[in-house]
Amino acid sequence: MKTPSSLTLLTEALRHLPGVGPKSAQRMAYHLLQHDRDGAALLGRALTQAVEQIRHCALCNTFTENEVCETCLDPERDPSLLCVVETPTDQLMIEQTLTFKGLYFVLMGRLSPLDGIGPKDIQLDKLISRATDGVVTEVVLATNFTNEGEATAHYISETMKARGLQVSRLARGVPVGGELEYVDAGTIARAMLDRRST
């Protein structure tokens, strides 16, 4: 029996999700079409809307529907503190701890020479511009404690110190090899409060 091409396309599209292999994608596609067509339609509309309306914040590079995100526009934030994270989910995890009241810059990745990801691929020029705006006095490095995250933190630290900025790093409450997205909020909160100069 030949599989319909639209079903093949759906299965291939689902394979783009992290951790989803060919069998899982096929199972999801069949489930949506057999048991939850309304859910499938909702998912399709939501994905289309997100792709069309979500962009990067002009200041911090996170996801937003506006030119500048709500966090950057919040007058209660301390603009002298700039926390650098790898992804919007890392930013979200730090926000959930309620311990950081500064602003953010989201790299949308990390340095990984083996994968061909260099400073330009993580918006380093944009970060330098943001950090040297005359308002920022401390850059808090909250990259993950992986080899790539550590290399990224070191590179950014040296770059910022050369421009006269104070640089701190999350304390080691976050486990080595751990990614912020998967660390509990209490651990991140402690690491943020115990951050240290680099």
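Reader: Is R110 buried, exposed or partly exposed?
Author: R110 counts as partly exposed, with 24% relative accessibility. Keep in mind that this is a predicted model.

Reader: And what does R110 form a salt bridge with?
Author: With E86; the closest N and O atoms are 3.0 Å apart. R110 lies in the loop between β4 and α6, and E86 in the loop between β3 and α5, so the pair ties together parts that are 24 residues apart in sequence. E86 is buried, at a relative accessible area of 3%.

Reader: How many salt bridges does the structure hold?
Author: Six. One of them joins R55 and E67, with 3.3 Å between the closest N and O atoms. R55 sits in strand β1 and E67 in the loop between β2 and α4, so that pair ties together parts 12 residues apart in sequence. R55 is partly exposed, with a relative accessible area of 40%, and E67 is partly exposed as well, at 49%.

Reader: What about E150, which residue does its side chain meet?
Author: R169, in a salt bridge of 3.4 Å, N to O. Here helix α7 carries E150 and strand β6 carries R169, so the bridge ties together parts 19 residues apart in sequence. R169 is buried, with a relative accessible area of 2%, while E150 is partly exposed at 27%. There's also a network of salt bridges linking D74, R77 and E95.

Reader: OK, pockets. What's the volume of the largest pocket?
Author: About 220 Å³. Residues lining that pocket include L10, H16, L33 and G44. Helices α1, α2 and α3 each supply at least two lining residues, and α3 gives the largest share, four residues.

Reader: What's the lining like by class?
Author: Nine nonpolar residues, two polar and no charged ones.

Reader: Last one: which residues of α5 are buried?
Author: P88, D90, Q91, M93, I94 and T97. The buried residues of α5 pack against β2, α4, β3, β4 and α8. After α5 comes L98, which has a positive phi, near 60°.

Definitions and conventions. Residues are numbered from 1 along each chain as its sequence is written. This is a predicted model: local features need pLDDT of at least 70, side-chain atom pairs count only at pLDDT 80 or more; totals for chains, interfaces and linings use all residues. Side-chain values use heavy atoms; hydrogens and water are left out. Buried means under 20% relative accessible area, exposed over 50%, partly exposed in between (1.4 Å probe, protein chains only). Contact means heavy atoms within 4.5 Å. On a 1 Å grid over the protein atoms alone, a cavity is a set of points where a 1.4 Å probe fits but cannot get out, and a pocket is an open set with protein on both sides within 12 Å along at least five of seven lines; lining residues have an atom within 4 Å of a point. Grid points are joined across faces, edges and corners, and a volume is the space filled by probe spheres set on the points. Ala, Val, Leu, Ile, Met, Phe, Trp, Tyr, Cys and Pro count as nonpolar, Asp, Glu, Lys and Arg as charged, and the others, Gly among them, as polar. A salt bridge is a side-chain nitrogen of Lys or Arg within 4 Å of a carboxyl oxygen of Asp or Glu.
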